[in-house]
Amino acid sequence: MPTTNGRAGAVGEGKQALRLGLKPVGVLDSAGFSSLHPGYFVVFFGIYANEAEAQSHVIEAHRRGYREPYPRRITH
């Protein structure tokens, strides 16, 4: 979500993920991470050891009704 829209929308999206049973959930400011484009609040759920593990949780998120999850490696 663009940072120009404020953090509240991203926090609301995170709360929706929690209601669907996705954990842990957090919000990042993309400007602090070299692997992300600056200017966005990023809602995330989970920290995974590898892409396959992350992808399995994306499938679970879809089953629970979360709209648009996708795996993304995040580094500083």
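A polar contact is a pair of N or O atoms within 3.5 Å, of which, within protein, one must be able to donate a hydrogen and the other to accept it. In the predicted model described here, the side chain of R64 reaches the backbone oxygen of L20 at 3.0 Å. A further polar contact, at 2.8 Å, joins the side chain of R64 to that of E60.

R64 lies in helix α2, which spans residues 51-64. With a relative accessibility of 37%, R64 is classed as partly exposed, because this value falls between the limits of 20% and 50%. When residues up to four places away in sequence are set aside, R64 touches L20, G21 and L22. Although R64 and G21 are 43 residues apart along the chain, their C-alpha atoms are separated by 7.7 Å.

The largest nonpolar core consists of five residues, namely A17, L22, F45, A61 and Y66. In soluble globular proteins, nonpolar side chains tend to be buried together.

S30 counts as buried because its relative accessibility is 1%, and the cut-off is under 20%. The side chain of S30 reaches the backbone nitrogen of G39 at 3.2 Å. Apart from residues up to four places away in sequence, S30 touches L36, H37, P38, G39, Y40 and V42.

Note on methods
Residues numbered from 1 in each chain as written. Predicted model: local features only at pLDDT ≥ 70, side-chain atom pairs only at ≥ 80, totals over all residues. Heavy atoms only, no water. Core = buried A, V, L, I, M, F, W, Y, C linked by side-chain atoms within 4.5 Å. Buried < 20%, exposed > 50% of the residue type's maximum accessible area, 1.4 Å probe, protein only. Contact = heavy atoms within 4.5 Å. Helix = DSSP H or I, 4+ residues; strand = E, 2+ residues; numbered from the N terminus.
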